[in-house]
Structures are given as C-alpha cells and as structure tokens.
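Let's take a walk through this protein together. Have a look at the sequence and the fold first, and then we'll go through some details.

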Amino acid sequence: MTANMIDAWFVKAMVKATTDCWEKGWDERNGGNISLRLTDDDIAPFLAGIREPRRLPMTEPLPGIAGQSYIVTGTGKFFRNVQLDPENNLGVVRVGADGSYLEVLWGYRDGGAPTSEYSSHFKGHIARQNATNGSDRVVLHCHATNLIALTYVLDWSDANVTRALWEGSTECLVVFPDGVGTMPWLVPGTDQMGDATCHLLAKRPLVLWPFHGVFGVGPTLDDAFGLVDTAEKAAEILVKVLSMGGPRQTMTTQNLIDLAARFKVVPQPEAMALDGWKLTDRKPG
C-alpha cells in the first residue's frame with residue numbers, strides 16, 4: 001500500500017508552523033509564506049504514488065537547487081486554513097533537472113502554485129545552504145507586527161537595527177549574533193526582491209523588508225519560528241519603550257561583550273562598535 005503524503009511528518013510540521021504563525025497574528029489573510037527543503041529520504045516513501053507531476057515554469061532558472069524538493073505554502077492561501085485543508089493550501093514541489101521548472105508532487109489540489117514569493121525563498125535556500133554547509137532547511141516569511149513598526153522609525157542600517165534589537169532583549173544577541181539584514185523597499189514577488197534578500201541571507205539569518213515583514217531561516221521549522229519570535233518580542237518591547245518616551249537606561253556595550261563571552265558567540269562587529277542605537281532623522285515624503 002502506497003504511503004499517503006498527508007501523513008508525512010513534514011506536512012504535520014507545516015500545519016503546526018502555519019497555525020503558530022497565524023495565532024501570533026503574523027499572517028493575516030494570505031500574508032506570509034514558509035518553505036522547508038526535504039531530503040530524498042523524506043519523500044522516498046511517497047514517490048511510488050506519483051504518476052505524472054504537474055509542471056510549473058519558474059521565472060528564472062535556478063540550477064543551484066535542481067533536483068531538490070520542498071514543501072511550500074501556496075500562493076493566495078491563508079495560514080489560518082492550512083490546518084483545515086493541508087492538501088489544498090500546501091504543496092510539495094521538486095525543482096526540475098535544469099532548474100527551470102517545478103514539478104508538483106503533492107498538494108495545491110485546486111490547481112494552485114507555490115507562494116508568489118518563491119523567488120526569494122528559493123534564492124534564500126541557495127544562500128543558506130552555502131552559508132551553513134546545508135544545515136539550514138527552512139525559510140519563513142511573515143508580517144511580524146512590531147518588527148514592521150520599527151522599520152518606520154529606526155535609522156535604517158544593519159548595524160543600527162541589530163543593536164536596537166540586541167538591547168531590546170537579552171536573548172537576542174545569543175539567538176542571532178550575526179545580526180539583522182536591512183534593505184530598501186522593493187516590489188514583492190519579484191526576482192529583484194529575491195536577489196536582494198538572497199544577498200543578505202548569505203550573511204544574516206534575519207532580513208527585514210521595510211513596511212512589509214521579515215525573513216527568518218534555520219535548520220528546522222522550530223528554529224526559524226523561534227528566531228523570528230525572539231526578534232519580534234524584542235521589537236514589541238522597543239515599541240512599548242518608545243511609547244513611554246524612550247529608554248532611560250539600557251544594556252551597555254560591556255554588557256553585550258560579557259553576554260557574548262558567556263554564551264560563546266561572535267557578535268556582528270559593526271553593531272558592537274556603535275554607542276547605542278538611534279531613530280531616523282528622516283521625515284516622510
């Protein structure tokens with residue numbers, strides 16, 4: 001009897017991850033998307049039941065991930081509905097042999113396709129495979145409320161945003177010592193957006209899209225979710241502090257040095273070199 005992919009561990013894990021994100025308030029309507037790279041062993045039990053996979057063209061060939069398989073949230077799908085109907089809202093796809101097309105192995109039952117942000121996802125997977133020797137398997141994009149709010153007021157640089165979040169919560173330097181990547185606003189779902197995100201993910205596990213959301217990565221869905229959750233908690237604290245008139249006291253550079261030494265991490269040098277963080281002096285318009 002051929003195994004049913006609906007029972008696969010990775011489908012159940014994606015149901016949990018999307019539900020967790022929805023309950024956090026990070027993924028309104030069809031906002032946000034997640035992709036998880038699967039191994040050959042993950043999908044081997046289900047291949048016998050796949051007859052003729054539906055093919056979808058890619059906007060740009062990506063031979064660097066040719067032959068790889070992913071489970072990806074669908075375009076236009078609501079995270080709140082994944083738990084109700086995984087086979088319609090999720091899909092397992094395999095990148096074609098030359099990297100120019102996708103094969104739908106399972107899911108998208110209504111004829112759908114992967115997230116419109118798949119260029120950023122797949123290019124991000126390439127960047128993180130290179131950066132982590134293949135250990136990172138998850139790319140998670142969501143609309144974390146307080147992180148988005150900070151993109152309107154913080155001086156916009158990797159070092160400054162990183163320093164602000166590090167000072168927002170003690171956990172942050174330990175969880176993401178490489179810091180946060182920042183980029184200009186770009187049109188979502190474009191190859192240009194994918195290229196810019198990929199460039200930053202080669203160095204940082206977190207990337208902020210101004211006025212839009214965040215990209216987080218990790219070896220597992222729990223790791224990627226936990227990374228974004230930690231940054232979002234720090235952002236929530238900073239938003240509350242700013243609403244109270246701004247900080248009167250905060251962590252010092254020496255505090256951060258001591259923290260890094262205790263947990264044996266190497267913090268981003270540019271953020272450590274700053275004397276605190278600052279708000280932007282730009283005005284709208």
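A residue is called buried under 20% relative accessible area, exposed over 50%, and partly exposed in between (1.4 Å probe, protein chains only). Keep in mind that this is a predicted model, where local features need pLDDT of at least 70, side-chain atom pairs count only at pLDDT 80 or more, and totals for chains, interfaces and linings use all residues. Residues are numbered from 1 along each chain as its sequence is written, and side-chain values use heavy atoms, with hydrogens and water left out.

Now for the rings. Rings of Phe, Tyr and Trp (its six-membered ring) pair if their centres lie within 6.5 Å; planes under 30 degrees apart are stacked, over 60 edge-to-face, and the rest tilted. That rule gives seven aromatic pairs. Here are two of them:

| Pair | Centre to centre | Angle between planes | Type |
|---|---|---|---|
| Tyr-152 and Phe-211 | 4.7 Å | 45° | tilted |
| Trp-209 and Phe-215 | 4.7 Å | 35° | tilted |

What does the pair of Tyr-152 and Phe-211 tie together? Tyr-152 is in the loop between helix 6 (145–150) and helix 7 (158–168), while Phe-211 is in the loop between strand 8 (206–209) and strand 9 (213–218), so the pair links parts that are 59 residues apart in sequence. (Helices, H or I with at least four residues, and strands, E with at least two, are DSSP runs numbered from the N terminus.) Tyr-152 is exposed at 52% relative accessible area, and Phe-211 is partly exposed at 42%. In the other pair, Trp-209 is buried at 1%, and so is Phe-215, at 0%. Elsewhere, Trp-9, Phe-10 and Phe-46 make up one aromatic cluster.

Next, the helix 8 region. Val-175 belongs to helix 8 (residues 171–175) and is partly exposed, at 35% relative accessibility. Which residues does Val-175 touch, leaving out those up to four places away in sequence? They are Leu-227 and Thr-230, where contact means heavy atoms within 4.5 Å. Val-175 and Asp-223 are 48 residues apart in sequence, with their C-alpha atoms 9.8 Å apart in space.

Finally, some charges over rings. A charge sits over a ring if NZ of Lys or CZ of Arg is within 6 Å of the ring centre and within 35 degrees of the ring normal. Arg-55 lies over the face of Tyr-101, 3.9 Å from the ring centre. Arg-262 has its charged end over the ring of Phe-263, 4.8 Å from the centre.
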